[in-house]
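Dear colleague,

I am passing on to you the structure below, together with notes on what I found in it. Please read the notes with the structure open beside them.

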Amino acid sequence: MFTSDLTVNEFVLVDEAGFEPLGMVMGSSIYHIGYQQSAWSKNQEMTVLSQAMYNARELAMTRMEEEADALKADGIIGVRLEVKHAEWGQHLAEFIAIGTAVRSKDGSSHRTIKNMPFTSDLSGQDFWTLMKTGYRPVSLVMGSCVYHIAHQGMMQALRQVGQNQEMTIYTQGLYDARELAMERMQLEASELKAEGIVGVHLHESTHQWGSHVIEFFAVGTAVKRFQDSQLTAPSLVLPMTDPGL
Amino acid sequence: MPWFRRNASTPNPEVVKLSQNLQSTFRQYSAETEAQMQKDRDALDSGHIPEAAEARIKRTLAKELPWMSTLDIPDLYLADEIRMTPLVQVTGSCFYRAASDMNGRVYLDSNYDAANLVHAYYRAKNDAVFRLLQEAGLSGGHAVVDAKFRFAREDRHTIECSVIGTAVHFEGLRPPKTPLLSPLSGEEFYKLLMKGFIPVNYCLGYHWHCMPVGYRTRSIGSVWNFQNQELTSVTKRFSDTRHYAIQQMVSDARGGPRVDGFVGVSVETKIEETELRIYGNYGGGMGFGMMGNGITIDGTFYPFGAEGSCEVPAYNLEFFATGAGIARMGSGRLTRKDVSTYLSALN
């Protein structure tokens, strides 16, 4: 007997794509995030915090993959990776990864080059479409960077009174943090020999570190081509209602 | 998984192994990193993009790194259908500070408009877009699709605009000098192309206005007024500001490629209660309402106190409209020739 959080539509399409659900899998990590003093007037990466966010997510993901491996799954779809800050402990955060383990019905292997199940945040519908376009998911890849954006000194602020001007120090800090997060995500995908990353989302959050410390978190599904596209030309169908109306 | 069922491959929380490549990206703050940051700030000041962004685009195009895209799976499928290839993810950001007094309050002009704040919104958006299109141009893209904008205001007067999208290439066409920009999803882009339109620009209409409210208007909103009554003077200002913001959005489209109309226009409005200090003696000064004659929107007069100023109740009114500018190129599904003709006209 299997468990899954797939909707009926997703379940049917996953079946159409040649996969069967095996069960819901989960990994978690309750992690104490360390402390790092930032320099008030400097832009800098908070490496201790970046490493903490990385380590805890990796632990949660690896534990989920291990559960799927125990089920002899080919992959995990619909992965949700959440971070919750615990109210019962200072600097404690709960990292949870949850998804549905699936296996190919024809016995062909879709595991990663590290012989672990693939992971993906794609829905059942997206998974079906991706497989039909001739690509397969390789792994959920992510990049994280916790960054301290410099504060302005008193003299600097006084010099700016009455002037319209760009705050280049903020812009550069934002660029630096975002580029580091994206570079890390691309490196993860590159190590798994993926060709591209689809559905990239960039999340910016201050968590509990105050307004000048931000985390850039980039996440997407790394993909690789494995066959020619089997999709036929689409026809234009316009719904009579728009979502949200 | 319970601890007693874990096998040898179970991760040890003490040692999470990141690859060497990944590990090398964690750099401690040093004189070297500071020098690089200064270089990037100079690049931004002189109208260029930071080195890391340029390197990412070049390495992705050289296939040293996998391509990445904000497009989701159905979007990618439709992109493939119209021979539109995603090249690289592109970004742009700008923090722009509006002129303020020593207490961080923005200046108002004689019409009680926050002209500096309005200017800051446009500069933040224009600079972010310029940087985004620079990245797209570097990749040889024809357009940026699925551009997601984020505006934020910090400390009352610092505006952040960030945008992330996917640079795309149309097979067999020469790229324009400045790539097109579409805030619409890949699916919406596809639908418009099927109907003879192409999204070409993202436009902003922003206006901020302060309304000093007189006794007459205040008395309408008083708890002792039991009548149904419209606040006509407030309604009129509200309407004028909205018209002005939409007009500004239309003007914003004029600087770029030809726009025949807008789709997906969203309008956000905000009204907040505030107090306005009006100085009677002089035209310059500090803070809100540095100029004025004490006349409010309903024509009533607030008497100046002994110190030559008065505190007037007011409403701050903010209008924020954005939309995707589209151009008509044909009456049915667009051909390569249609797009080529339009792009050639831009060069």
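Before the rest, a word on conventions. This is a predicted model, in which local features need pLDDT of at least 70 and side-chain atom pairs count only at pLDDT 80 or more, while totals for chains, interfaces and linings use all residues. Residues are numbered from 1 along each chain as its sequence is written, chains are lettered from A and ligands numbered from 1 in the order in which they are written, and side-chain values use heavy atoms, with hydrogens and water left out.

To begin with the interface, 69 residues of chain A and 73 residues of chain B take part in the contact (heavy atoms within 4.5 Å). The area buried between the two chains is about 6200 Å², with carbon and sulfur atoms giving 62% of that area; buried area here is the accessible area (1.4 Å probe) that two parts lose on being put together, summed over both. The rule also finds three salt bridges across this interface (a side-chain nitrogen of Lys or Arg within 4 Å of a carboxyl oxygen of Asp or Glu). One of the salt bridges links A:Glu179 to B:Arg56, with the closest N and O atoms 2.7 Å apart. On the side of chain A that touches chain B, α5(A) gives the most, with 21 residues, helices (H or I, at least four residues) and strands (E, at least two) being DSSP runs numbered from the N terminus.

The chains also share strand pairing, for which DSSP must find at least two bridges between two strands. β8(A) pairs in the parallel sense with β1(B), residues 67–68, over two bridges, and A:Gly196 stands opposite B:Trp67. Within chain B, β3 (residues 143–154) and β4 (residues 158–170) run antiparallel and are joined by 10 bridges, with B:Ala152 opposite B:Glu160.

Turning to chain A itself, the secondary structure comes to five helices and nine strands, and the C-alpha trace spans about 70 × 45 × 40 Å along its principal axes. Of the 245 residues in chain A, 54% are buried (under 20% relative accessible area, with exposed over 50% and partly exposed in between, using a 1.4 Å probe and protein chains only). In α3(A), the buried residues include A:Gly124, A:Asp126 and A:Phe127, and just after this helix A:Gly134 takes a positive phi of about 95°.

Finally, A:Leu71 lies in the loop between α2 and β3 (75–85) of chain A and is partly exposed, with a relative accessible area of 36%. Leaving aside residues up to four places away in sequence, A:Leu71 touches A:Leu22, A:Gly23, A:Val25, A:Ala101 and A:Arg103.

With best wishes
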